[in-house]
Amino acid sequence: IRCWSNIPFITMPLSRAHGKSFAHRSELKHAKRIVVKLGSAVVTRGDECGLALGRLASIVEQVSMLQNQGREMMIVTSGAVAFGKQRLRHEILLSQSVRQALHSGQSQLKDMAIPVLEARACAAAGQSGLMALYEAMFTQYSICAAQILVTNLDFHDEQKRRNLNGTLHELLRMNIVPIINTNDAVVPPPEPNSDLQGVNVISVKDNDSLAARLAVEMKTDLLIVLSDVEGLFDSPPGSDDAKLIDIFYPGDQQSVTFGTKSRVGMGGMEAKVKAALWALQGGTSVVIANGTHPKISGHVITDIVEGKKVGTFFSEVKPAGPTVEQQAEMARAGGRTLAALQPEQRAEIIYRLADLLTDQREEILLANKKDLEEAENKGRLALPLLKRLSLSTSKLNSLAIGLRQIAASSQDSVGRVIRRTRIAKDLDLEQVTVPIGVLLVIFESRPDCLPQVSALAIASGNGLLLKGGKEAAHSNQILHHLTQDALSMHGVRDAVQLVNTREEVEDLCRLDKLIDLIIPRGSSQLVRNIQKAAKGIPVMGHSEGICHVYVDTDASVEKVTRIIRDSKCEYPAACNALETLLIHRDLLRTPLFDQIIDMLRVEQVKIHAGPKFASYLTFSPSEVKSLRTEYGDLECCIEVVDSVQEAVEHIHKYGSSHTDVIITENEKTAEFFLQHVDSACVFWNASTRFSDGYRFGLGAEVGISTSRIHARGPVGIEGLLTTKWLLRGDNHVVSDFSEHGSMKYLHESLPLPQRNAN
């Protein structure tokens, strides 16, 4: 037997019928029976005199939501001492004010002193009020709550333990939420540990240990321990190098330095970890999280149950590879080494990767075939996504050509001087290009994206985290292996990391201290989800590719059908494919219009009529539901406009600022369109499909950006660079440039060094 917090625990917990604890966070959504432990710091106000009512109401709401989902919820709560302290202080102040008013007059009220309040008396005064508060809150959700008070002695007596177990099971059977607390009114006094108000607070360690004991006794699936810190850190929170531990494994205690306890209670994080490990040993999963943070306390419990990365998750199953946090750190360190290489060395890595794509073609296509077969058997991918998933010999050859273009153009990308200024005599300033840092690229069904993005990251000296879709797992694995093989030639293998854990995209988007830029490559829904989930990390990309082609009255008959066919039919799933065809009103019922319609019918393109176009027709195609639709298939919308000005206005109203085209022989009209359409790419007499990094001569692209900051359009090497300022002086100080100083600012522009002609 070992004792924590004066509660004896049997070293081997009672056997559990439901087996081991959950191995991964994603499994927590299957938790049926859950204990929520509320620490003193969670339940009490900042002044430790009274309860944090708003926070408590939010916790009750979350527990009620889970209870009404059919789960069995139990609460182990602190707070009786704080609530009682508030009541007793009020009573004492009222009593003293009456007495002093009778004997001394009002002038001495301000000199009244509050006596030291004994903690057990506070608990006795606060228990009934605390329970009444819980009952009132749970009643709002049509849930009944019941109070159970226990002491350390209740766990010594086998009959009392069985009675407690039976009572709890009966309450759960009747859909009642048990609220358990140590009976602080009768427990032995704790060791003195006075807080700022002069009260000996009952040891919160009792409730940590009580929660763990009850969780094991009741065979619960999950124990959620809420405190006033985000979770378990490898060193005391607030210290310079403290890092939140995402997953804690038994045996990791040696890697953790415990600090002081929270502002109330006596448990501290060490007691919580011991209790959590004991519960884990008994088959209960445990998460320690922050229940006081105003931004997350309103959904912290439900987030944990949904498997989101909140707090510290205790697991007995240690993954074979590094965590995603470790991968991000490896990518940053590898990226910095990569950026320090000579440009020729970075180019050699990319050339090597291009060679591997063709040399290992058979192995790549075999892995891709496995992905395609699994996707087809499961029937989980639409035809456009299956096309994106598929690799071929021609695709690999094109990839290799694109990578060689990147290698050739990357010679002076990093460290290029873009501005030189002489600030004063012997004080020269330079602005030079540098990598952004660590990129997170999330892509769906696009294994060819992996070598493209890797090459661009290598050329720009960035560390890279890749998160591919599980539908391309085999393809991504071999392509990443080849990428690391190429990186190994100059000792920077870790610069590109493939995330293979069960990490949710939303969790990756929260790693703001490890990731500098997120680039989504996939559906508009994926991009929107990432933009919504990203916390403090910029997202570069576009949520939709609603591309327009406007056919002007002066359009060439020969060019129109060619450009429209290529824009819509060459690859309809691409983000740069035509989605809305705008036709000048004067072209209706002309041979050119008939040729356009006939061509679309031959290509089996389904036509949706815009409202204005439909009004001109007796029998029109199905009217479009929305003019802001990205079909991603052999479908498009046709709408009529009265002029080039109206075409521009339509594009601004319904477009996505991606790629828009005018077909006309009138140069003046074309220039008006080019200058006034506010999109990332605007073309004259050319297919929308030219909006591509490879076709622009960038070698490849990490994506097409429709944002207005940093990079826009197809993003190649230049879009993955930022700048830093280098100032070289000789004992210069600002005071020398004051009104009576000895130096004057020159601010002379200096010539830039010659760029590599290749």
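Accessible areas here come from the Shrake-Rupley method with a 1.4 Å probe. For the chain of this predicted model, the accessible surface amounts to about 34100 Å². Carbon and sulfur atoms contribute 51% of that surface. The chain has 758 residues, of which 53% are buried. Its secondary structure consists of 22 helices and 26 strands. Of the contacts between residues at least 6 apart in sequence, 76% link residues at least 24 apart.

An open sheet is formed by four strands in the order β15-β14-β13-β16, with parallel pairing. The edge positions are taken by β15 (496–498) and β16 (517–521). Each of these two has a single partner strand, so one side of each lacks a neighbour in the sheet. On average, neighbouring strands of the sheet are turned by 20° against each other, direction ignored. The pairing of β13 (residues 438–443) with β16 is parallel and comprises five bridges. Within this pairing, leucine 440 has isoleucine 518 of β16 as its bridge partner.

In general, two packed helices are described by the angle between their axes and the distance between the axes. Helix α13 (residues 393–409) packs with helix α14 (residues 449–460) at an angle of about 10°, and the axes are 10 Å apart. Angles under 35 degrees count as roughly parallel, and α13 is therefore roughly parallel to α14. On the α13 side, the contact is made by Leu399, Leu403 and Ile406. Helix α14 contributes Pro451, Gln452, Ala455, Leu456 and Ala459. Seven residues of this contact are nonpolar and one is polar, while none is charged.

Most residues other than glycine have a negative phi. Lysine 219, by contrast, has a positive phi, near 50°. Lysine 219 is located in the loop that runs between α6 (205–217) and β7 (222–227). With a relative accessibility of 33%, lysine 219 is classed as partly exposed. Serine 657 likewise has a positive phi, near 60°. This serine lies in the loop between α21 (644–654) and β21 (659–663). Residues under 20% relative accessible area count as buried, and serine 657, at 18%, is therefore buried.

Glutamate 325 belongs to helix α9, which covers residues 324–340. The relative accessible area of glutamate 325 is 18%, so this residue is buried. Apart from neighbours within four places in sequence, glutamate 325 is in contact with Asp246, Lys309, Leu511 and Leu514.

Conventions: Residues are numbered from 1 along each chain as its sequence is written. This is a predicted model: local features need pLDDT of at least 70, side-chain atom pairs count only at pLDDT 80 or more; totals for chains, interfaces and linings use all residues. Side-chain values use heavy atoms; hydrogens and water are left out. Buried means under 20% relative accessible area, exposed over 50%, partly exposed in between (1.4 Å probe, protein chains only). Contact means heavy atoms within 4.5 Å. Two strands pair if DSSP finds at least two bridges between them. Axes are lines fitted to C-alpha atoms, for helices over the stretch in contact, and angles run from 0 to 180 degrees between N-to-C directions. Angles under 35 degrees count as roughly parallel, over 145 as roughly antiparallel, 65 to 115 as roughly perpendicular and the rest as oblique. Ala, Val, Leu, Ile, Met, Phe, Trp, Tyr, Cys and Pro count as nonpolar, Asp, Glu, Lys and Arg as charged, and the others, Gly among them, as polar.
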